[in-house]
Amino acid sequence: MIFIFAVFLLSLLVITAIAIVRTNNLFSAVMLTSIFSLLMAANFFILDAADVALTEAAIGAGVTTVIFLCALALTADRAKPNKERRKVAYGAVGILASLMIYATFDKPPLGDPDAPVHQHVAPWYIEKTPEYMDFPNIVTAVLSSFRGYDTLGEVFVVFAACIGVLFILGVPVPGNAKPAPMQQKKGLHHHLIPQVVGRLIIPFIVLFGLYTQFHGEYGPGGGFQAGAIIATGIILYALLEGESKALQAVPRRVLMGMVIGGALLFGGVGVICMLMGGNFLDYSVLAADPVWGRQLGIIIIEAGVGMTVCGALLSIFHAFASRERAS
Amino acid sequence: MIDLVIDVLSWILLILGGSCVLIGGVGGLRLPNFYTRIHASSLTDTMGNILIFLGLMLQAGFTLATLKLFAVMLFLLLTGPTATYALANAALLSGIKPDTGSTNDDNTEESPK
């Protein structure tokens, strides 16, 4: 049964991908990308990767779609047809696809316990997580402790991406930013029903984000997902009430502080671990009891991850949205 | 005995809900213009949502899962109609007229298949 469902979802994915490539209308392409992400999230969930599914649904289907739409508001909503290079592109894609399909023949079957990936370090993680951290979600343990360096790198990638987007799109000049009467009209001021429903729902979205953040050790979730969910809530607020209102609620300074502070918090915990006599990001020295020390370290760095992701997504959104306003 | 009754009831609800969603899908593909299409998909979606979630709650019994299902149902009941409203409103503002009897409307060439 689950197999049929998985095949159904995967074929829908292929259909959506072909539709994305074929359409000239950029708006429907954005919507199809969102659908693609949602299907992908369902696929991840079938594969029991609830953490990844949550991230994909929140970032892929939620935040990216809004950012794409904001970007689309700055340009034309139709792609220029480009026929000349078509054949070369089809050829390259065809060769690459057949190579990849050929490579899958060597792949062990899905869920095979003898597959190399299940023989390498995974059994050790599964065995040691209850002993070292004493909480059930092994994904969080791997992400934030066993593979802490990788996650630190990811957080710095998010940080760098945010800085890069802000450099390219620019923060508006302070003199330019005073709200003209036309800007007040932004947001759906004449749409009463979405606003009322939004006011009802946004607190719960943010609350769910916080739940995901602080429940990450026990269920699917963690900093990345929580940051994305909270960012979605605030972006919804910005869409309903206007961008300037959202900037009043969460000003740019706070966003920058979150991006920088989150990355600093993560790195700082690592340095504190070194100062307290352990290795970089070896949380066991943070408290007298090593298990509690690891839990404490994981909670702090997950908070750092959440802050950075939330701040970065919101800064990028505002960079696009305010650009739309300026031109 | 009571278990069987609950099971049968929940499956009836699930099948009814599923057929609601299916009818909505057919309507979304077959109806002539934009407003009739979102009308079809939105109303049946809301009904199907209630029926399917009631069926699932009966399957789950008195557990935490039922509470979560109820919360999800409430969320979808609030957001679904709102999204449809926003869609229709946006369509009206961007100039698609809800005219009667026309078989095609130029501004809506969605359904990429």
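At 6% relative accessibility, A:Leu281 counts as buried (buried means under 20% relative accessible area, exposed over 50% and partly exposed in between, with a 1.4 Å probe and protein chains only). A:Leu281 also has a positive phi of about 60 degrees, although it is not a glycine. Its place is the loop between helix H13 (252-275) and helix H14 (290-326) of chain A; helices here are DSSP runs of H or I with at least four residues, strands are runs of E with at least two, and both are numbered from the N terminus.

A word on the model itself. It is a predicted one, where local features need pLDDT of at least 70 and side-chain atom pairs count only at pLDDT 80 or more, while totals for chains, interfaces and linings use all residues. Residues are numbered from 1 along each chain as its sequence is written, chains are lettered from A and ligands numbered from 1 in the order in which they are written, and side-chain values use heavy atoms, leaving out hydrogens and water.

A:Asp48 also has a positive phi, near 70 degrees, and is likewise a residue other than glycine. This one sits in the loop between H2 and H3 of chain A, just after H2(A). A:Asp48 is exposed, with a relative accessible area of 71%.

Next comes H2 itself. Buried residues of H2(A) include A:Ala29, A:Val30, A:Leu32 and A:Ser34. The helix's buried residues pack against helix H1 (2-22) and H3 of chain A, contact being heavy atoms within 4.5 Å.

Then there is the second largest pocket, with about 1,100 Å³ of space. On a 1 Å grid over the protein atoms alone, a pocket is an open set of points with protein on both sides within 12 Å along at least five of seven lines, and lining residues have an atom within 4 Å of a point. This pocket is lined by 33 residues, and A:Leu47, A:Ala49, A:Val117, A:His118 and A:Val139 lie nearest its centre. H7(A) gives the largest share of the lining, 5 residues. By class, the lining has 19 nonpolar, 9 polar and 5 charged residues; Ala, Val, Leu, Ile, Met, Phe, Trp, Tyr, Cys and Pro count as nonpolar, Asp, Glu, Lys and Arg as charged, and the others, Gly among them, as polar.

How values were computed: 1 Å grid on protein atoms, 1.4 Å probe; cavity = no way out; pocket = protein on both sides within 12 Å on 5 of 7 lines; lining within 4 Å. Points joined across faces, edges and corners; volume = space filled by probe spheres on them.
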